[in-house]
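Subject: Structure handover

Hi there,

Here is the structure I promised to pass on to you. Have a look at it first, and then read on for my notes.

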Amino acid sequence: MLLENLNNQILKCEKCALCKTRKNVVPGEGSSKAKIMFIGEGPGKNEDEQGRPFIGAAGKLLDELIALIGLTREDIYIANVVKCRPPQNRDPLPEEVEKCRPWLDQQIEIIKPKLIVLLGRHSMDRFLPNQKISLDHGKPKRKNGQVYFPIYHPAAALYRNGLLEDLQRDFKKIPRVLEIMKKDRAVNNKEERAKQTDLGI
Ligand code: URA
């Protein structure tokens with residue numbers, strides 16, 4: 001299926017109660033051929049109003065970070081764990097994450113990113129449960145053949161002192177993670193693929 005067709009289906013989704021309070025669905029944005037996919041938590045107020053991901057203050061910081069590694073939004077894909085805004089920006093409920101799970105899974109299946117950058121705790125929990133963002137940020141992990149790179153959420157770096165430096169440092173590792181992956185034959189080895197392993201950076 002084409003990403004555009006999938007996203008058109010997502011726009012009509014009424015699988016959970018968030019459809020009653022949303023203004024717009026925010027399926028995601030960027031290149032369907034992106035090597036890197038960024039996954040956030042869920043749309044906020046601005047995103048809900050415009051139907052686009054990461055366009056508020058956290059989005060501005062994300063753009064700056066992407067520029068830091070010589071890329072623009074056209075080079076990557078940005079999506080969220082849930083496609084509709086949780087009221088008052090509360091955390092998405094487990095059942096909302098579950099209902100949205102097939103949409104994000106299908107987006108990943110179509111884009112086939114080499115690297116998935118997990119923005120913040122909720123995004124990390126969705127793919128790498130039982131880890132701690134404060135301990136595991138900046139450490140790439142391979143699971144079922146997919147490489148994930150958990151980092152702090154840009155919004156957290158805006159209101160918590162010290163996190164911005166961590167976020168910038170982690171972001172700058174992304175080109176090196178991609179380089180290491182090229183040499184890491186285990187990514188294509190069946191037995192290795194089944195395990196969750198550190199990528200050693
Ligand atoms: N925060 C997110 O996690 N996603 C957005 O799209 C915007 C802010």
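His 153 is buried in this predicted model, because its relative accessibility is 14%, under the 20% cut-off. You will find His 153 in the loop that runs between β6 (146–151) and α8 (154–159). A polar atom of the His 153 side chain sits 2.9 Å from the backbone nitrogen of Ala 155. Leaving aside residues up to four places away in sequence, His 153 touches Glu 41, Phe 54, Ala 58, Leu 119, Gly 120 and Leu 167.

Another loop residue to look at is Arg 73, located between α4 (57–68) and β3 (77–80). Is Arg 73 buried or exposed? With a relative accessibility of 15%, Arg 73 counts as buried. The side chain of Arg 73 makes a polar contact of 2.7 Å with the side chain of Asp 63. Again without residues up to four places away in sequence, the contacts of Arg 73 are Glu 29, Gly 30, Ser 31, Arg 52, Pro 53, Phe 54, Gly 59, Asp 63 and Ile 78.

Lys 60 belongs to helix α4. This lysine is exposed, as its relative accessible area is 55%. Between Lys 60 and Lys 35 there are 21 Å in space from C-alpha to C-alpha, for a separation of 25 residues in sequence.

Next, the helix packing. Two packed helices are described by the angle between their axes and by the distance between those axes. For helix α1 (residues 3–10) and helix α5 (residues 94–111), the angle is about 170 degrees and the axes are 10 Å apart. α1 is therefore roughly antiparallel to α5, since the angle is over 145 degrees. On the α1 side, the residues in contact are Leu 3, Leu 6, Asn 7, Gln 9 and Ile 10; on the α5 side, they are Trp 103, Gln 106, Gln 107, Ile 110 and Ile 111. Sorted by class, this contact between α1 and α5 holds six nonpolar and four polar residues, with no charged ones.

I also looked at the cysteines. How many disulfides does a search of the whole structure find? The count is zero. For Cys 84, the closest cysteine sulfur is that of Cys 16, at 6.3 Å, which is too far for a bond. For Cys 100, the closest one is in Cys 13, at 6.2 Å, and this is also too far for a bond, because a disulfide needs the sulfur atoms within 2.5 Å. Cys 84 is buried, at 9% relative accessibility, and Cys 100 is buried too, with a relative accessible area of 10%.

Last, some backbone angles for you. Most residues other than glycine have a negative phi. Gln 88 is not a glycine, yet its phi is positive, at about 55 degrees. Gln 88 lies in the loop between β3 and α5 and is exposed, with a relative accessible area of 72%. Asn 130, not a glycine either, has a positive phi of about 65 degrees.

Methods
Residues numbered from 1 in each chain as written. Predicted model: local features only at pLDDT ≥ 70, side-chain atom pairs only at ≥ 80, totals over all residues. Heavy atoms only, no water. Axes fitted to C-alpha atoms, helices over the stretch in contact; angles between N-to-C directions. Helix = DSSP H or I, 4+ residues; strand = E, 2+ residues; numbered from the N terminus. Parallel < 35°, antiparallel > 145°, perpendicular 65-115°, else oblique. Contact = heavy atoms within 4.5 Å. Nonpolar A, V, L, I, M, F, W, Y, C, P; charged D, E, K, R; others polar. Buried < 20%, exposed > 50% of the residue type's maximum accessible area, 1.4 Å probe, protein only. Polar contact = N/O pair within 3.5 Å; in protein donor to acceptor, adjacent residues only side chain to side chain.
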